[in-house]
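Let's take a friendly walk through this model together. Have a look at the sequence and the structure below before reading on.

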2 protein chains.
Amino acid sequence: MSITQRQAQVLAFIRESLEAQGYPPTRAEIARHLGFRSPNAAESHLRALVKKRVIELLPGAARGIRVRGSGLPVIGRVAAGRPILAESHIERRLQVEEGLFRPKADYLLRVQGSSMRDAGILDRDLLAVHHVPLARHGQIVVARLDDEVTVKRLYRRQDRVELRPENPEFDPIKVDPRRQTLVIEGIVVGIIRSLSL
Amino acid sequence: MSITQRQAQVLAFIRESLEAQGYPPTRAEIARHLGFRSPNAAESHLRALVKKRVIELLPGAARGIRVRGSGLPVIGRVAAGRPILAESHIERRLQVEEGLFRPKADYLLRVQGSSMRDAGILDRDLLAVHHVPLARHGQIVVARLDDEVTVKRLYRRQDRVELRPENPEFDPIKVDPRRQTLVIEGIVVGIIRSLSL
DNA sequence: CAGATTACTGGATATAATTACAGCTGTATA
DNA sequence: TATACAGCTGTAATTATATCCAGTAATCTG
């Protein structure tokens, strides 16, 4: 039971309004923006979004629209064979400004281990990841090698593909496409570290 | 012309409301929260905050309150002798969730140089800084030595104070309190890096 | 000491906004 | 083929909200 295209437009406008105005839109504003002649059209879309648990409506309150699950999901340990963005992997959500990272971050992944230490990526750092299935030579990627999720720098030379750590204590991984399946889960676009002393 | 205590309470409630409800409060809600019997008391506080350029009011709009200058200020190069948080040092502001860092971040400072490379702090990183005048041994601090602002790890042994870089290419700074003035500007509580490839 | 600012009460009103009701057309689902 | 759901129009009532006006009192400022 996923969201329809029209409902996504309504949701996008709510987000837009929140960003630009600092408060949610009214039914009339939604109707005006999407070209409805009746505010009731907006109302029913909002009700549908409530039923699908995407927003909450606060009865009686003007502009009483709350977007649920806003902010970037923080992904902890990823279970083998399961998609990274599965609901069960989400530890919590963090409100981080869209546009802080470019291209935009889709989720935050918690680093395990120090194999990328010399790239300034330490154990327990949060990596901002842009979710795309393709990466270029030299980019730091989130990759899945035979169901194991790792963060490494991608090396692509002619027909050879390598995942290289940036720490001399770790060895580069030469990918053999005949025996292993390599899936690019995304490229790393940023880092957030909490020192909390 | 700064903000009064009462006005600060109103502002705090607006922020609280934004955080908890997802939208700004009405005049009546402000009045109820602060114990006013008339919504007009809230109205005049809001007007005062507008005059002091702390918020904006959108006429006619329900809950039409916008908090100006929200988010953490990003500090670029700091001019000698001027306070770090001077308005002229603010490059922009970033909307980052309060509570992402502990203790809370007061501003973001852009790193210049790689003297803290081995601590995972690279050139052009943004450091989340908690603004306090005291730091403990071992903490990474933002310090001002004779008007020069630097980021180093603080070493305090008996009566000796040192600011140590974490990169063998740089030398530790032994602070001589008779000739130099050391001011702790804050402690580093987090790092944000944008890779933008 | 006049005038501005802060900090409120109390009443009133226009309008902003939610929300109920009735109805329409398609498309998908059982 | 009945039933649900998506996606609307249109009207209207109720209530939520902003905002004006007229005061009172205390404190600060030039």
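How many residues does the contact take from chain B and from chain A? The answer is 39 residues from chain B and 38 residues from chain A. Keep in mind that this is a predicted model.

## Where the two chains meet

Together, chain B and chain A bury about 3100 Å² between them, and 54% of that area lies on carbon and sulfur atoms. On the side of chain B that touches chain A, at least two residues each come from helix 1, strand 2, strand 4 (90-94) and strand 11 (182-194) of chain B. Strand 11 of chain B gives the largest share of that side, with seven residues.

What about polar partners? Across the interface of chain B and chain A, 14 residue pairs are in polar contact, both residues being at pLDDT 80 or more. The count of salt bridges between the two chains, however, is zero.

## A closer look at helix 3 of chain B

Helix 3 of chain B covers residues 39-51, 13 residues in total. From its first C-alpha to its last it reaches 19 Å, close to the expected 18 Å.

Which residues of helix 3 of chain B are buried? They are Ala42(B), Glu43(B), His45(B), Leu46(B), Ala48(B) and Leu49(B). These buried residues pack against helix 1 (5-21), helix 2 (27-34), strand 1 (55-57) and strand 2 (65-67) of chain B. Two of these elements, helix 1 and strand 2, also supply residues to the side of chain B that touches chain A.

## Domains of chain A

Chain A is assigned domain 1 (5-67) and domain 2 (72-192). Taken over C-alpha atoms, the centres of these two domains of chain A are 35 Å apart.

Key: Residues are numbered from 1 along each chain as its sequence is written. Chains are lettered from A and ligands numbered from 1 in the order in which they are written. This is a predicted model: local features need pLDDT of at least 70, side-chain atom pairs count only at pLDDT 80 or more; totals for chains, interfaces and linings use all residues. Side-chain values use heavy atoms; hydrogens and water are left out. Domain bounds come from an automatic or database domain assignment. Helices (H or I, at least four residues) and strands (E, at least two) are DSSP runs, numbered from the N terminus. The expected span of a helix is 1.5 Å times one less than its number of residues. Buried means under 20% relative accessible area, exposed over 50%, partly exposed in between (1.4 Å probe, protein chains only). Contact means heavy atoms within 4.5 Å. Buried area is the accessible area (1.4 Å probe) that two parts lose on being put together, summed over both. A salt bridge is a side-chain nitrogen of Lys or Arg within 4 Å of a carboxyl oxygen of Asp or Glu. A polar contact is a pair of N or O atoms within 3.5 Å; within protein, one must be able to donate a hydrogen and the other to accept it, and residues adjacent in sequence count only if both atoms are side-chain atoms.
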